[in-house]
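User: I am new to this structure. Please show me how to read its features, one at a time.
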Amino acid sequence: MTQRELIYVKTIADEGSISKAAQKLYVTQPSLSHCVQRIEESLGTKLFVRNPTGLTLTYVGERYYSVATEILQIYNDFELEVGEISSLRTGRLTIGMTTYLATWLLPQILPEFRRQYPNVNIVLVEKSSTQLEAELTARHLDFAVMHSFANSSHQEKSRITFYPISRSDFVLVAPKGTPLARHARPNPAGGLPIIDLKKLEGQPFVMVDQGRRIRQISDHILWQAGITPEVVITTVSYETAHRLACCGVGLTFIPQQYGEIFQGPYQGEYFAIDQEYSPYWDLCVAVAKDSYIANAAQVFIHMLNLQLGGSVPIPREEEPGKKAEGPEEE
């Protein structure tokens with residue numbers, strides 16, 4: 001199996017179509033089909049079967065795809081190492097972020113990074129946290145900056161390592177003058193009054209869609225409180241949900257930090273949530289397990305630490321017995 005053959009089969013499987021794969025690989029469709037035919041003949045079995053929706057992998061094809069992914073990652077890691085030995089200031093860094101995190105963090109970090117490493121090409125992938133996890137698992141990203149459940153058991157099952165940087169609480173948003181205020185108690189810490197979630201049964205809710213981390217944490221909060229919400233409208237934007245809640249369409253949950261960073265003209269009544277419901281998420285650096293972390297990625301993460309006052313260890317390949325340290329500041 002040559003590197004080209006591995007790439008061809010993997011791309012066809014990813015695209016589900018020889019024609020789409022040929023366009024992505026900049027080869028002709030007949031030559032790609034002929035290459036697959038040669039591979040199948042050498043193996044003595046089919047890798048793909050055709051169905052109305054495109055091509056799908058056979059069992060042997062699935063094994064070929066799995067091996068191809070691992071081998072290509074080894075190729076990629078080796079090329080990264082060789083490139084960094086020859087020149088530490090060239091290359092490409094593919095970073096995953098949610099749109100709101102990119103809006104907030106990139107203007108604080110990217111200008112200085114570009115000043116120090118002008119020849120490092122930054123590729124930004126903006127998707128939801130759930131989608132970024134899939135991109136990391138497929139090893140399409142060097143690392144991601146994303147939010148994670150603070151108490152999520154799925155982290156233990158995933159092929160991703162999460163390095164928490166900071167934690168942010170969620171708050172309940174209601175319209176100004178809401179009668180729900182009578183169910184809140186003073187906060188001993190002196191912050192927002194704490195709402196009694198048990199009193200929210202039967203209340204309408206505005207929610208972001210299921211693929212968003214905010215929705216997953218909101219659902220988890222309500223589940224722990226034993227509440228099945230009546231969702232009157234769903235949106236992809238937390239700010240839309242926030243504004244509709246302020247206007248009285250329904251209640252919603254938002255990260256308190258987002259409310260402070262992205263302040264808008266709509267202001268509602270805000271309530272803290274008792275910590276027993278785990279109403280928070282962690283801002284994390286996420287990397288695929290056992291992946292090579294390039295020097296450029298280590299520097300970017302180091303800058304992220306400095307900007308946010310975090311203490312996340314720089315994920316990197318270590319020498320036996322040697323503790324990972326951040327890069328020296330210039």
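Analyst: Start with a term. A pocket is an open set of grid points with protein on both sides within 12 Å along at least five of seven lines, and its lining residues have an atom within 4 Å of a point. Keep in mind that this is a predicted model.

User: Which residues lie nearest the centre of the largest pocket?

Analyst: The general idea comes before the case. Rolling a probe the size of a water molecule over the atoms shows where empty space is left. Here, the largest pocket holds about 1000 Å³ of space. Its lining has 28 residues, and Gln73, Asn76, Arg92, Arg139 and His140 lie nearest the centre.

User: Which helix gives the most to that lining, and what classes of residue does the lining have?

Analyst: Helix 4 gives the most, with 8 residues. Elements that supply at least two residues each include helix 1, helix 2, strand 3 and strand 4. By class, the lining has 11 nonpolar, 9 polar and 8 charged residues.

User: Which parts does the salt bridge of Glu133 and Arg213 tie together?

Analyst: The two side chains meet at 2.7 Å, N to O. Glu133 lies in helix 6 and Arg213 in helix 8, so the pair ties together parts that are 80 residues apart in sequence. Glu133 is buried, at 13%. Arg213 is buried as well, at 5%.

User: What span does helix 8 reach, and what follows it?

Analyst: Helix 8 has 12 residues and reaches 17 Å from its first C-alpha to its last, close to the 16 Å expected. Its buried residues include Ile214, Ile217 and Leu222. Gly226 follows helix 8, with a positive phi near 75 degrees.

User: How many aromatic pairs are there?

Analyst: A pair of aromatic rings is described by the distance of the centres and the angle of the planes. This structure holds 9 aromatic pairs. Tyr100, Phe170, Tyr238, Tyr258 and Trp281 form one cluster.

Definitions and conventions:
Residues are numbered from 1 along each chain as its sequence is written. This is a predicted model: local features need pLDDT of at least 70, side-chain atom pairs count only at pLDDT 80 or more; totals for chains, interfaces and linings use all residues. Side-chain values use heavy atoms; hydrogens and water are left out. On a 1 Å grid over the protein atoms alone, a cavity is a set of points where a 1.4 Å probe fits but cannot get out, and a pocket is an open set with protein on both sides within 12 Å along at least five of seven lines; lining residues have an atom within 4 Å of a point. Grid points are joined across faces, edges and corners, and a volume is the space filled by probe spheres set on the points. Helices (H or I, at least four residues) and strands (E, at least two) are DSSP runs, numbered from the N terminus. Ala, Val, Leu, Ile, Met, Phe, Trp, Tyr, Cys and Pro count as nonpolar, Asp, Glu, Lys and Arg as charged, and the others, Gly among them, as polar. The expected span of a helix is 1.5 Å times one less than its number of residues. Buried means under 20% relative accessible area, exposed over 50%, partly exposed in between (1.4 Å probe, protein chains only). Rings of Phe, Tyr and Trp (its six-membered ring) pair if their centres lie within 6.5 Å; planes under 30 degrees apart count as stacked, over 60 as edge-to-face and the rest as tilted. A salt bridge is a side-chain nitrogen of Lys or Arg within 4 Å of a carboxyl oxygen of Asp or Glu.
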